[in-house]
Amino acid sequence: MSALTIVWLALSGALSMGYAALLWACARAWAQQPEVLPSQATAPHVTVSVLVPARDEAARLPALLESLCAQDHLPLEVLVVDDHSRDGTAEVVRTFQAAHPGFPLRLVVLPEGRQGKKAAIEAGAEQARGNLLACTDADCTVPSGWIRLLAEAHEQTGAVLIAGPVAFHGEKTAFERFQTLDFFGMVGLAAAGLHRRWWRMANGANLAYTREAFFAVGGFEGNRHLPSGDDMFLAQRMAQVFPEKLLFLKNARATVLTRPETSLRGFVRQRIRWGGKSRHFPEKRLSAVLGIVWLLCWSIAANAAAGLAYIGSPPALFFFGAAIAQITVKGIADHRWLSPLARFFGRPELMRPGMFLYASAAHWAYILVVGTLSALSVRARWKGRK
C-alpha cells in the first residue's frame, strides 16, 4: 500500500471521527438546553405583529390564517405581504377579512421594483405596530399557543431573536418521511448552535425578533441580492450586535408545521436554494461544519469507487473496508443524534431500523449531489424566479 493511500485512508478516518465528535457535542448541547415553559400566572404584555410573506400561496394560506385565528393569545395584527402573486393570494386575504371582521388581518402589497422574501419582510416590518415581529411562512400552520410562547420567551429571557422548532407533517411516502427526519437534524443543529453560541441557524417559518433590533442591524442590508437566507443572515447579523440575546425556543408545543416536498425534483430545487447561500454566511464556523458533512459523504463515495477500481487486488479490501467503517461510524453518530430529536417531536417511529437505514442512504446521496450543485453555484427555479 502506497504512502499516498495511507494518507488518504487516514484523512477518511479523520473526517469520520470529526463528524462523530461534532454530532456528539451537538447531542450534549441539545440534552443540556432547558425547555422554555410558559408562565401560568399572567399573559405576556409585549405586542406582537405576525409577518407572513406570501407568493402564490392562495391554496395554502387559508389554513395558516385559520390557525392564527385559533391562538390563545391573539396578536396585535397579522400582516400578509403579497410578493407579486399570480394566483389570487391577495383575494384570499380579502375574502378572509370579510369572513372574520374581528380578526386583525391586514394586506400589504409589494410595489413594483421590490420583490423577494426579504423585501416582503422589510415591508411588513416597516408597517408593523407591534414590538415583537413573529414570522412564519404562508404554507405553514402554527399551534394554538405559538404567539404566547414566543412572547413569553422574549419577556422571560430578554432575547431579541427567538428561533422556534419546525417540522414536516402529513407524509405519505418513505421519501417524505426521510425529509422529516433530516429536518429534525437541522432543527437540532440550530438549537445546539444558539444554546452554545457556536453558530446561528434559524428557520423563517418560526422566527421572532424585536422590531427595534431588526432595524438596529439594518434589516437585510448587505444581502438583499441573495434570494434566500433571510432567517440565517438575520440571525448571524443579530449575533454580532446582540451576542447574548439569541434564543432557541425549546418547546414541542411551539412547533410550526409545514409539508415536505412530494417530488425529487422539487426537493433538489429546495435544497439547492437553501445550500447556495452557505458560502455567504458571516459565520465561517457554520460553513466549516457544512463542509465537513459534505467532505465525509464525498470520501465515502471515493473509497467505494476506489474499491471497485481495484477489485480483485489487495487495495480493494482497504478501500472497501474504509467505506464500510465510515458508513458505520456515520450511522451510529446519526442514530445517537436523531433519536432524542425524534422523541422531542413525538415521532419515534421514524427511527425504526428500516426507515432509519433508508434515511441514512438518502441523506448520504442528497448531501453528495445537492452539496456539489450548491458549491458549483447551480441555480434553482422557485415560483417562476431563479
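Predicted model: local features only at pLDDT ≥ 70, side-chain atom pairs only at ≥ 80, totals over all residues.

The space in the largest cavity amounts to about 30 Å³. Rolling a probe the size of a water molecule over the atoms shows where empty space is left.

**Lining of the cavity**

- The residues lining the largest cavity are K117, I121, C135, G204, L207, Y209, F220, D230 and L234.
- Three secondary structure elements, α4 (117–127), β7 (207–210) and α8 (230–241), each contribute at least two residues to the lining of the largest cavity.
- By residue class, the lining of the largest cavity comprises six nonpolar, one polar and two charged residues.

**Fold and dimensions**

- The protein chain contains 12 helices and nine strands.
- The protein chain has a radius of gyration of 22 Å, which agrees with the value near 21 Å that a compact globule of 386 residues would have.

**Packing and surface**

- Of the 386 residues in the protein chain, 53% are buried, where buried means under 20% relative accessible area.
- Among contacts in the protein chain with a separation of 6 or more, 83% are between residues 24 or more positions apart.
- The protein chain has an accessible surface of about 17000 Å². Carbon and sulfur atoms account for 61% of that accessible surface.

Terms used: Residues numbered from 1 in each chain as written. Heavy atoms only, no water. 1 Å grid on protein atoms, 1.4 Å probe; cavity = no way out; pocket = protein on both sides within 12 Å on 5 of 7 lines; lining within 4 Å. Points joined across faces, edges and corners; volume = space filled by probe spheres on them. Helix = DSSP H or I, 4+ residues; strand = E, 2+ residues; numbered from the N terminus. Nonpolar A, V, L, I, M, F, W, Y, C, P; charged D, E, K, R; others polar. Rg over C-alpha atoms; globule rule 2.2 N^0.38 Å. Buried < 20%, exposed > 50% of the residue type's maximum accessible area, 1.4 Å probe, protein only. Contact = heavy atoms within 4.5 Å. Areas by Shrake-Rupley, 256 points an atom, 1.4 Å probe, with all protein chains shown as cover.
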